[in-house]
Amino acid sequence: MDQQATYDDVKLVLQLYEMRREEKLREARKWFAKFNARTWAEKNELCPPGSDQDAFFRMVVTYWEMVASFITAGVLHQELFLQSGQELLFVWVKISDILPEWRTAYANPNAMANLEKASKAAIEFMNRGNPKAFEAFTARVRGIR
């Protein structure tokens with residue numbers, strides 16, 4: 001990114017962090033850390049429609065899709081965010097296996113498109129220091145039960 005981060009970028013990053021501390025989202029994030037579905041059927045089994053688990057799943061992924069939309073729209077300085085925003089990539093690792101089936105099930109090829117685009121940038125950013133960094137990160141994330 002050619003432009004320098006601004007004070008407004010910093011304020012937005014801090015506001016997004018503060019939002020993550022909201023009690024219900026914190027509870028959802030704690031649940032989501034243990035989410036390990038690899039297929040859409042497994043996701044639906046773990047998160048039946050109308051269940052608390054389904055609400056937690058939707059809360060977490062739509063929060064990070066919203067954050068990613070700020071990055072992809074150029075509202076939030078990508079490099080500044082990526083320096084401390086690994087949770088976005090954590091969520092990406094958790095949903096990337098199920099996303100193709102999700103898009104098919106909802107007939108929406110753009111489902112989580114911002115999260116996907118921001119995650120690709122985050123992977124490149126992470127791998128700058130070590131080309132195997134994302135691979136190691138993914139193994140750690142998938143090992144959480």
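Colleague: Where in the chain is Pro109 found?
Modeller: Pro109 is found in the loop between α7 (99–105) and α8 (113–127), where helices are DSSP runs of H or I with at least four residues, strands are runs of E with at least two, and both are numbered from the N terminus. This is a predicted model, in which local features need pLDDT of at least 70 and side-chain atom pairs count only at pLDDT 80 or more, while totals for chains, interfaces and linings use all residues. Residues are numbered from 1 along each chain as its sequence is written, and side-chain values use heavy atoms, with hydrogens and water left out.

Colleague: Why does Pro109 count as exposed?
Modeller: Its relative accessibility is 61%, and exposed means over 50%, buried under 20% and partly exposed in between, with a 1.4 Å probe and protein chains only; therefore Pro109 counts as exposed. The C-alpha atoms of Pro109 and Phe90 are separated by 22 Å, with the two residues 19 apart along the chain.

Colleague: What makes Arg20 and Glu87 a salt bridge?
Modeller: The closest N and O atoms of Arg20 and Glu87 are 2.9 Å apart, and a salt bridge needs a side-chain nitrogen of Lys or Arg within 4 Å of a carboxyl oxygen of Asp or Glu, so the pair qualifies. Arg20 in helix α1 (residues 7–20) and Glu87 in helix α6 (residues 86–95) are 67 residues apart, so that this pair links distant parts of the chain. Both residues are buried.

Colleague: Which parts does the salt bridge of Asp97 and Arg142 tie together?
Modeller: The closest N and O atoms of Asp97 and Arg142 are 3.3 Å apart. Asp97 lies in the loop between α6 and α7, whereas Arg142 lies in helix α9 (residues 133–143), so the pair ties together parts that are 45 residues apart in sequence.

Colleague: Why is Asp97 called partly exposed?
Modeller: Asp97 has a relative accessible area of 30%, and therefore it is partly exposed; Arg142, with 23%, is partly exposed as well.

Colleague: How many salt bridges does a search of the whole structure find?
Modeller: The search finds ten, one of them between the side chains of Arg21 and Glu18 at 3.3 Å, N to O.

Colleague: Why does Glu23 count as exposed?
Modeller: Glu23, found in helix α2 (residues 23–32), has 68% relative accessibility and therefore counts as exposed.
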